[in-house]
Amino acid sequence: MAWFKRTQKGIQTPTEQKKDVPKGLWYKSPTGKIVDAEQLESNFYVSPEDGYHVRIGSNEYFKILFDDNKFKEFDKGMTAKDPLNFEDTKKYTDRLKAAQEKTGLKDAVRTAVGKSKGKDLVIACMDFKFVGGSMGSVVGEKIARAADYALKNKIPFMIISKSGGARMQEAALSLMQLAKTSVKLAQLANAKIPYISLCTDPTTGGTTASFAMLGDINISEPGALIGFAGPRVVKDTTGKDLPKDFQTAEFLKEKGFLDFIVKRSELKNKVNLYLDLIQNQPVRA
């Protein structure tokens, strides 16, 4: 009963020895489930209670996909310029600087090459925490260069999309990246080098209108929001009520926009299984 009753009276702890509960020990999913942070990490950042896939970034995806988290990163120091001298509530240059300091990233995508189940794979992974994963000139250029590397070395290419769309502060320059990345993916297709597109939550706007839907195989994580314009804009434009679960991964798979939906814990095996099959190579265990 000592666990439930104080056996000594008058116990006092000095203020300097009192400890607060550290932040980040627990995660609450949108459905209200409480998950231990360490348990969440060991479960590929998927809530074991309800299967909810927590948003993660390039660090986590590289750890999941690359063997022993070993890879060579491309163009690490590439940063955006401000050719339009854009200013809304703050200057674009100030917005970029604040995002870089807050996230430790240079821009909204990281590109790298490494071994995945023993074979080379080039990955471009977007980070939503950097200005909403918006696609500007740096995103387009880094993806194009990664595709060039895959083309030159005949290595399969994978893009992990997580984006709010084109970056308005770069105006037409950001929209040009749609064509730029699409041309590079066409070059990979002509060379018969596999390209896998993984859509994660959210994949919207110009990203969806370009490389996110141009994969030899288009896949997604469960429950991801995927679309071009938001549901409100679509409803206002069409004047019609939208179907249930509109723009979810499951809805898009049913309508033929996705080939399959894959749980994050199975991602590495599924991607490499597909690569073995499409390249007519022995299936890796």
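The model is a predicted one, where local features need pLDDT of at least 70 and side-chain atom pairs count only at pLDDT 80 or more, while totals for chains, interfaces and linings use all residues. Residues are numbered from 1 along each chain as its sequence is written, and side-chain values use heavy atoms, with hydrogens and water left out.

**Around Arg110**

- Arg110 sits in strand E4; helices (H or I, at least four residues) and strands (E, at least two) are DSSP runs, numbered from the N terminus.
- With 11% relative accessibility, Arg110 is buried (buried is under 20% relative accessible area, exposed over 50%, partly exposed in between, with a 1.4 Å probe and protein chains only).
- Its side chain also has a polar contact of 2.8 Å with the side chain of Asn59.
- Leaving out residues up to four places away in sequence, Arg110 touches residues including Phe62, Phe71, Glu73 and Lys142 (contact means heavy atoms within 4.5 Å).

**Aromatic rings**

- There are 6 aromatic pairs, meaning rings of Phe, Tyr and Trp (its six-membered ring) with centres within 6.5 Å; planes under 30 degrees apart are stacked, over 60 edge-to-face and the rest tilted.
- Phe74 and Tyr149 make a tilted pair, because their planes are at 45 degrees, with ring centres 4.7 Å apart.
- Phe74 is in strand E3 (residues 71-74) and Tyr149 in helix H4 (residues 137-153), so this pair ties together parts 75 residues apart in sequence.
- Phe74 is buried at 10% relative accessible area, whereas Tyr149 is partly exposed at 27%.
- One aromatic cluster is formed by Phe62, Phe66 and Phe71.

**Nonpolar cores**

- The largest nonpolar core has 30 residues, and Val122, Ile143 and Phe211 are among those with the most contacts inside it (a core is a set of buried Ala, Val, Leu, Ile, Met, Phe, Trp, Tyr and Cys residues joined through side-chain atoms within 4.5 Å).
- H4 gives this core its largest share, 6 residues.
- Apart from this core lies another, of 21 residues, with Ile56 and Tyr274 among them.
- Setting aside neighbours within four places in sequence, Phe211 is in contact with residues including Met126, Ile143 and Tyr195.

Notes. A polar contact is a pair of N or O atoms within 3.5 Å; within protein, one must be able to donate a hydrogen and the other to accept it, and residues adjacent in sequence count only if both atoms are side-chain atoms.
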